[in-house]
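Here's a walk through one structure, piece by piece. Have the sequence and the 3D view open as you read.

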Amino acid sequence: MAPRVHPLLLLLLCTLAAPAWPGSGSEGDGGWQRRGPGVPAAVAEEERCTVERRAGLSYAEFVQHYAFSRPVILQGLTDNSRFRALCSRERLLASFGDSVVRLSTANTYSYQKVDLVFQEYVEQLLHPQDPTSLGNDTLYFFGDNNFTEWASLFRHYTSPPFGLLGTTPAYSFGIAGTGSGVPFHWHGPGFSEVIYGRKVLYFPDRWWHATLNLDTSVFISTFLN
């Protein structure tokens, strides 16, 4: 069956800055934003976002208005302040610096996979991307997570409370540099929650979209499979 094509191809530049929790790092960025001479600035944010933002949304409203038809930015849905503190640059390097992570290319189907020590990824590859670089030339950490090795972190994450009948949530954790992302693609429904950076959304089934990380981003997606 051919994928459902929506009138709007959604580019995930519609963003919500993660809240600045006390003690979460330099200016609330967890130490992920590198500053100084020669460090490129963050990608500029679009002035206008057409994706609706909702706070205090009930599950009935979610199912009726969004779950099967259109994306929505959900505000104040969970409190992940503890998880966020554990995801600072300093704490992740201290806890998992020696762990091997699997990187994927940023093209639509992530053809290439490369295994690398997490500290090497953070210190050597996690830098602002050249806007002319191709997706298949960009490696970043998203998905392919070792949930056994990283269990001490993921057990502190509270996923969005809204589910869909007959689906099971599956997490995909990632860290990506400024200017990185994935070109237009579609998949099943789920949530993308920002931890550090600017990117958050619920996306319905087979909704065409692309992603662009405006800052160095730490994020976790909950796919409803």
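## A buried threonine

Thr222 counts as buried, because its relative accessibility is 2% (buried means under 20% relative accessible area, exposed over 50%, partly exposed in between, with a 1.4 Å probe and protein chains only). You'll find Thr222 in strand E12, residues 217–224; helices (H or I, at least four residues) and strands (E, at least two) are DSSP runs, numbered from the N terminus. Leaving aside residues up to four places away in sequence, Thr222 touches Tyr157, Ser159, Pro160, Pro169, Ala170, Tyr171, Pro189, Gly190 and Phe191, where contact means heavy atoms within 4.5 Å.

Quick housekeeping: this is a predicted model, so local features need pLDDT of at least 70 and side-chain atom pairs count only at pLDDT 80 or more, while totals for chains, interfaces and linings use all residues. Residues are numbered from 1 along each chain as its sequence is written, and side-chain values use heavy atoms, with hydrogens and water left out.

## The seven-strand sheet

Strand E12 belongs to an open sheet of 7 strands, paired antiparallel in the order E5-E4-E6-E7-E12-E9-E10. Two strands pair if DSSP finds at least two bridges between them. At the edges stand E5 (113–117) and E10 (201–203); each has a single partner strand, so one side of each has no neighbour in the sheet. From one strand to the next, the twist averages 30°. (Axes are lines fitted to C-alpha atoms, for helices over the stretch in contact, and angles run from 0 to 180 degrees between N-to-C directions.)

Next, a look at one pairing and at a helix on the sheet. Strand E9 (residues 190–196) and E12 run antiparallel and are joined by 6 bridges, with Ser192 standing opposite Ser221 in E12. Helix H4 (residues 118–125) packs on the sheet, touching E4 (100–105), E5, E6 (139–142) and E7 (169–176). The direction of H4 makes about 100° with that of E5.

## Where H3 meets H4

Helix H4 also has a helix partner: the axes of H3 (residues 89–96) and H4 come within 9 Å and cross at roughly 145°. On the H3 side, Arg89, Leu92, Leu93 and Phe96 meet Phe118, Gln119, Val122 and Glu123 in H4.

What kinds of residues make up the contact of H3 with H4? They divide into 5 nonpolar, 1 polar and 2 charged.

## Rings

The structure holds 21 aromatic pairs. Rings of Phe, Tyr and Trp (its six-membered ring) pair if their centres lie within 6.5 Å; planes under 30 degrees apart count as stacked, over 60 as edge-to-face and the rest as tilted. Take Phe83 and Phe173: their ring centres are 6.2 Å apart and their planes stand at 80°, so this pair is edge-to-face. Phe83 lies in helix H2 (residues 81–86) and Phe173 in strand E7, so the pair ties together parts 90 residues apart in sequence.

Phe83 is buried, at 0% relative accessibility, and Phe173 is buried too, at 0%. Both are in one aromatic cluster that also takes in Phe96, Phe118, Tyr121, Phe141, Phe147, Trp150, Phe154, Tyr157 and Tyr171.

## Salt bridges

There are 4 salt bridges, counting a side-chain nitrogen of Lys or Arg within 4 Å of a carboxyl oxygen of Asp or Glu. One of them joins Glu52 and Arg70, whose closest N and O atoms are 3.2 Å apart. Glu52 lies in the loop between E1 (10–12) and E2 (53–55), and Arg70 in the loop between H1 (59–65) and E3 (73–75), so this pair ties together parts 18 residues apart in sequence.

Another pairs Arg102 with Asp115, at 2.8 Å between the closest N and O atoms. Arg102 is in E4 and Asp115 in E5, so the bridge ties together parts 13 residues apart in sequence. Arg102 is partly exposed at 36%, as is Asp115 at 43%. Strand E5 also carries Lys113, whose side chain meets that of Asp144 in a salt bridge (2.8 Å, N to O). Asp144 sits in the loop between E6 and helix H5 (151–154), 31 residues from Lys113.

Technical notes: Ala, Val, Leu, Ile, Met, Phe, Trp, Tyr, Cys and Pro count as nonpolar, Asp, Glu, Lys and Arg as charged, and the others, Gly among them, as polar.
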